[in-house]
Amino acid sequence: MDTQVKQEKQAKIEVKNLSKLYGNVQAVTDVSFSVGDSEVLGFLGPNGAGKTTVMKILTGFHFQSSGSALVDGIPVDEQPLEIKKRIGYLPENVPLYGDLTVDEYLTFAAEARFIPVEERESAIDTSLEACGLIGYRGRKIETLSKGYRQRVGLAQAILHDPPILILDEPTTGLDPNQIIEIRSLIKELGKRKTVILSTHILQEVEAICTQVLIINDGRIAALGRPDEIAGTMKGGDTWELLLKCSGEPDADTIRDKLSLLGNLSNTMVEITDNGFASANFFVPSETENSNAGELIFDWAVSQNFKILGMSRKKLSIEDIFVKLTNEERSK
């Protein structure tokens, strides 16, 4: 109990039973989660799932219909200006002024953030360097590519060195090299800041995030580390076998023999040339154990099969996302 209380006190962002109505439309329903210091939360969900609504509530742009959202223990709806001082926000559509140079835009943003005059030049230089924009400070924003405009938006978000960053699709429009650079920057920032990262690029979550929140139809579908979420899902791990069989193997026979291993699901067997059989099956997480590979090997020996190849594939973020969002739609 003491540990739980301690974790709650350390949470930079705490959301409890958050709901939001737009007229008769229920955008978010009973959402609860917390993000601690030096954590990066991957915020996932299909379009229209409610991600942007939650982020706008956390940044004080919208207010919830019920529930609470606290940043550093401060209710967002009661002190939105104080919250904005503590948060760097990069919206999906970055609000930029094309007729300004990068330097002019960041100077304007520094003034809007009330950064003291004597600290502005240093703050701008730091954000320009972090986002790879030092050589672009004199360029008009309207002449920049979409990727570099995105960098300018990120430079604006970190300009006042906030303890919390909320980033909505930060790598949209970037080329592969730029994506790698921005991911590295976010990962580095996550070592000393609290970060909420909304993205449709699931590899980003695996590369950057310490925990994942999947939202669907305005409700939380899953929350935790990817391995924790995978461990609670039906389906478990995928096993793939390539078997050498004596005689002429039969797919139905091999499938029946695989049932001796236990409660497998989605078993597929394909007979290939030269007496090979390729088998794919799920081992449910509730029956999975550390010596599953040994059991499979023993089973093959008992059936006079030779294992030519055996691999195990854990559920990826993409597998988890597709499975959870499709399950919700089918209900």
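The charged end of arginine 151 sits 4.7 Å from the ring centre of tyrosine 148, over the ring. Likewise, lysine 84 lies over the face of phenylalanine 61, with 5.0 Å to the ring centre. A charge counts as over a ring if NZ of Lys or CZ of Arg is within 6 Å of the ring centre and within 35 degrees of the ring normal.

A word on the source: this is a predicted model, where local features need pLDDT of at least 70, side-chain atom pairs count only at pLDDT 80 or more, and totals for chains, interfaces and linings use all residues. Residues are numbered from 1 along each chain as its sequence is written, and side-chain values use heavy atoms, leaving out hydrogens and water.

How many aromatic pairs does the structure hold? There are 6 aromatic pairs. Rings of Phe, Tyr and Trp (its six-membered ring) pair if their centres lie within 6.5 Å; planes under 30 degrees apart count as stacked, over 60 as edge-to-face and the rest as tilted. Two of the pairs are tabulated here.

| Pair | Centre to centre | Angle between planes | Class |
|---|---|---|---|
| Phenylalanine 33 and phenylalanine 43 | 6.3 Å | 45° | tilted |
| Phenylalanine 61 and tyrosine 89 | 5.6 Å | 45° | tilted |

Phenylalanine 33 counts as buried at 5% relative accessibility, and phenylalanine 43 is buried at 1%. Phenylalanine 61 is exposed at 51%, whereas tyrosine 89 is buried at 10%. Buried means under 20% relative accessible area, exposed over 50%, and partly exposed in between (1.4 Å probe, protein chains only).

Finally, Tyr97, Tyr105 and Phe108 form one aromatic cluster.
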